[in-house]
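Visitor: I would like a close look at one part of this model, the surroundings of the ligand. Please take me through what is there.

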Amino acid sequence: MKIGVLGTGSFAPEKILTNDDLAKMVDTNDEWISTRTGIKERRIASADEATSDLAYRAALNAIDNAGIDKNEIELVIVATMTSDHFTPSTAALVQDKLGIKAAAFDLSAACTGFIYAFTTGYSFIKAGIYKKVLVIGAETMSRVTDWTDRGTCILFGDGAGAVVLGETETGGFISSHLVADGSGACELLVPAGGSRTPASHETLDNKDVYLKMNGREIFKFAVKVFPETVENILEQANITADDIDLFVPHQANIRIIESISKRFKQPMEKFYVNLHKYGNTSGASVPLALDEANREGRLKKGDKVVIVGFGGGLTYGSILFEWSK
Ligand code: COA
């Protein structure tokens with residue numbers, strides 16, 4: 001049985017925050033942000049938009065693109081690190097908004113979340129438990145961003161992307177590689193607000209309920225693990241980077257993507273990039289990029305596609321699949 005992507009969708013909030021806007025909030029400027037990251041602007045959810053709202057809109061687009069009846073979906077997985085609540089899951093809220101009967105759960109693997117969720121959705125279908133799975137990556141990173149910290153607030157943005165997975169006539173999933181290394185947890189975390197250190201006046205005053213990151217360490221980590229995971233999935237399939245038609249990497253920093261393009265001796269045209277428009281949308285970044293690549297006609301039936309994620313956990317991973325549409 002071949003299992004692949006039946007359709008893609010995405011959604012980004014209307015409000016645009018440019019580098020020039022940020023320069024009015026913290027000591028930074030467009031030139032610094034552009035040259036160090038490639039990011040020009042990002043989207044910010046409105047006060048009444050939460051992660052499930054973005055996820056729902058991306059899901060509707062993916063269902064429409066797949067050309068299926070929404071009632072065919074039997075499982076909804078939402079990869080997110082910015083869920084609406086501790087409980088219920090964001091996926092359950094999306095299931096309700098869609099008005100379907102389906103199992104639903106969230107998956108937490110930060111910026112690698114969509115890679116984990118895609119592999120999980122594939123596995124449910126492969127095991128014969130479900131026929132069609134809706135896999136969403138959705139984030140409102142603006143809600144965990146310290147808007148006074150120029151080291152992090154320039155990087156992140158809000159958005160959502162989704163795919164419908166199901167049986168396909170051709171192509172589909174080829175190989176996957178997922179890794180976690182919790183020894184690096186402290187390099188990228190929200191220190192308070194969980195069971196270790198519940199939210200309090202003190203944690204709020206210390207801004208410990210916002211994302212803290214060791215940018216240099218994360219950069220080194222990304223440049224090391226990105227090639228490692230891609231080499232793994234290529235080896236599993238006994239092919240080389242030359243055989244790949246499109247890489248859709250996590251949209252964290254253009255310098256990370258450029259270093260991988262050099263390392264694999266592949267032209268930058270083979271790497272889909274939209275981080276200049278959205279910044280780093282964590283778990284949403286890969287499906288948001290995949291959907292834009294699909295809608296721009298960058299994917300043809302038979303194309304070999306690699307999607308890659310890395311980030312908090314620390315986690316990383318990748319998937320190789322063949323475009324079936
Ligand atoms: N604007 C202007 N200057 C800034 C700045 C900003 N927004 N942020 C930091 N700086 C300053 C620093 O204070 C430092 O000044 P100093 O040399 O006087 O001490 C200088 O710029 C260099 O800082 P550094 O942190 O070394 O910059 P960098 O080249 O490592 O770039 C990041 C910073 C965050 C862009 C980079 O480390 C990065 O992209 N890391 C990976 C982050 C990531 O992808 N995270 C998510 C993973 S899922």
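Guide: What follows goes through the ligand site and then turns to some backbone features elsewhere in the chain. The model is predicted, and the values below are computed from it.

Start with where the ligand is. The ligand sits in the second largest pocket. Residues for the shell around the ligand come from both domain 1 (2–170) and domain 2 (174–322), so the ligand lies between the two domains. In total, 20 residues surround the ligand, and the closest are T28, R36, R150, R216 and N253.

Next, consider which elements build this shell. At least two residues each are supplied by α2 (30–37), α8 (215–237) and β12 (304–311). Of these, α8 gives the largest share, four residues.

Some of the side chains can be described atom by atom. R36, one of the closest residues, places a polar side-chain atom 2.7 Å from an oxygen atom of the ligand. R150, also listed among the closest, has an N or O atom of its side chain 2.9 Å from a ligand oxygen. With W32 the ligand atom is a nitrogen, and the distance to an N or O atom in the W32 side chain is 3.4 Å.

The peptide bond between T87 and P88 is cis, with omega at about 5 degrees. P88 belongs to the loop that runs between β4 (75–79) and α4 (90–98). Another cis peptide bond links G313 to L314, and here omega is about -5 degrees. L314 is in the loop between β12 and β13 (315–322); β12 is one of the elements that supply at least two residues to the ligand shell. Finally, A110 is not a glycine, yet its phi is positive, at about 45 degrees. This residue is found in the loop between β5 (103–107) and α5 (113–126).

To return to the site itself: the ligand lies between domain 1 and domain 2, because both give residues to its shell.

Technical notes:
Residues are numbered from 1 along each chain as its sequence is written. This is a predicted model: local features need pLDDT of at least 70, side-chain atom pairs count only at pLDDT 80 or more; totals for chains, interfaces and linings use all residues. Side-chain values use heavy atoms; hydrogens and water are left out. A residue is near a molecule or strand if one of its heavy atoms lies within 4 Å of it. A polar contact is a pair of N or O atoms within 3.5 Å; within protein, one must be able to donate a hydrogen and the other to accept it, and residues adjacent in sequence count only if both atoms are side-chain atoms. On a 1 Å grid over the protein atoms alone, a cavity is a set of points where a 1.4 Å probe fits but cannot get out, and a pocket is an open set with protein on both sides within 12 Å along at least five of seven lines; lining residues have an atom within 4 Å of a point. A molecule sits in a cavity or pocket if more than half of its atoms lie within 2 Å of its grid points. Domain bounds come from an automatic or database domain assignment.
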